[in-house]
Amino acid sequence: MTDDAATAALFKVYEIIAHWINLKGNYKSLRQEGKKLKAIRDAIEAEISKDKITPATREWIANVKMIESEEKDLKTKYKNEMGHPWRLVRICAYPILSVEMKEKYSQVHSLWEEGNLKREELDAELPEPVRKRHADKIEENSSLHMAAQDLLSFLQDEQIRRVWGTVGTGKTTIMQNLNNHEQVAKMFDMVIWLTVLNDWNVEKLQEAIMRRLKLDMECFGDVEELGEYLKN
């Protein structure tokens, strides 16, 4: 055996031993990275609109689910090896399993990084929960202030449906201040402010709501389908 061949053989032996030693560490790293990937997949699936999901994101989610299944198989294989009664006899299988886990970790990490980018893109596409309105300041302990506090309490108890009164009593000012209130932002996933003009109709209101939600009107066949979507 030449010196080069002997060196290559020794390096191979060293590599096998290193993989054997790193088996437990690779298993731990794979588990941790798998949890991170699952967390970001769950977050994206929870936030994304089924009507707006892109083919690329759909493919990414499918790849993640496939990798999660493969990761689960590897973890089961690891536990079976560690619990095998002839563990020392089967020690030659450890380096192979360790390499498989290291490679799977790289795939999981790559998908996690891609998911992070998709999450950032999704956050940019999503409409802001509350759009602040210009609102006249309401003086502390004034009648408008007390009315606003009452309405806020009713909102928290889900008792309010509409606010009405004669012209000039401060309804708009109260609602503008409520719209900007930090507690309202915590109560609702989305706050939509619409101004209904004299020539209003259902279609115009629905279109305004769709623009606010950044949804594509072309995803819906007719007004009734759109109305059902908004209602749900």
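1. A quick definition to start: contact here means heavy atoms within 4.5 Å. With that in hand, the cover over the buried residues of H6 includes H5 and helix H7 (182–187). Please keep in mind that this is a predicted model.

2. Which residues of H6 are buried? They are Thr-173, Ile-174, Gln-176, Leu-178 and Asn-179.

3. Now for the pairing of H5 with H6. The axes of helix H5 (residues 143–156) and helix H6 (residues 171–180) come within 10 Å, crossing at roughly 50°. The two helices are therefore oblique to each other, and the crossing in which H5 passes H6 is right-handed.

4. You can follow this meeting residue by residue. From H5 come Leu-144, Ala-147, Ala-148, Leu-151, Leu-152 and Leu-155, and they meet Ile-174, Met-175 and Leu-178 in H6. Sorted by class, the contact has 9 nonpolar residues, with no polar and no charged ones.

5. Elsewhere, have a look at the largest nonpolar core, which has 17 residues. Those touching the most other members are Leu-23, Leu-37, Trp-60, Tyr-78, Leu-97, Met-101 and Leu-111. Helix H2 (23–47), helix H3 (55–82) and helix H4 (94–125) each provide at least two residues of this core.

6. Leaving aside residues up to four places away in sequence, Tyr-78 touches Leu-23, Lys-24, Tyr-27, Leu-97 and Met-101. There is also a second, separate core of 9 residues, and Ala-148, Leu-151, Leu-152 and Leu-155 are among them.

Methods: Residues numbered from 1 in each chain as written. Predicted model: local features only at pLDDT ≥ 70, side-chain atom pairs only at ≥ 80, totals over all residues. Heavy atoms only, no water. Axes fitted to C-alpha atoms, helices over the stretch in contact; angles between N-to-C directions. Helix = DSSP H or I, 4+ residues; strand = E, 2+ residues; numbered from the N terminus. Parallel < 35°, antiparallel > 145°, perpendicular 65-115°, else oblique. Left-handed = near helix turned anticlockwise from the far one by under 90°. Nonpolar A, V, L, I, M, F, W, Y, C, P; charged D, E, K, R; others polar. Core = buried A, V, L, I, M, F, W, Y, C linked by side-chain atoms within 4.5 Å. Buried < 20%, exposed > 50% of the residue type's maximum accessible area, 1.4 Å probe, protein only.
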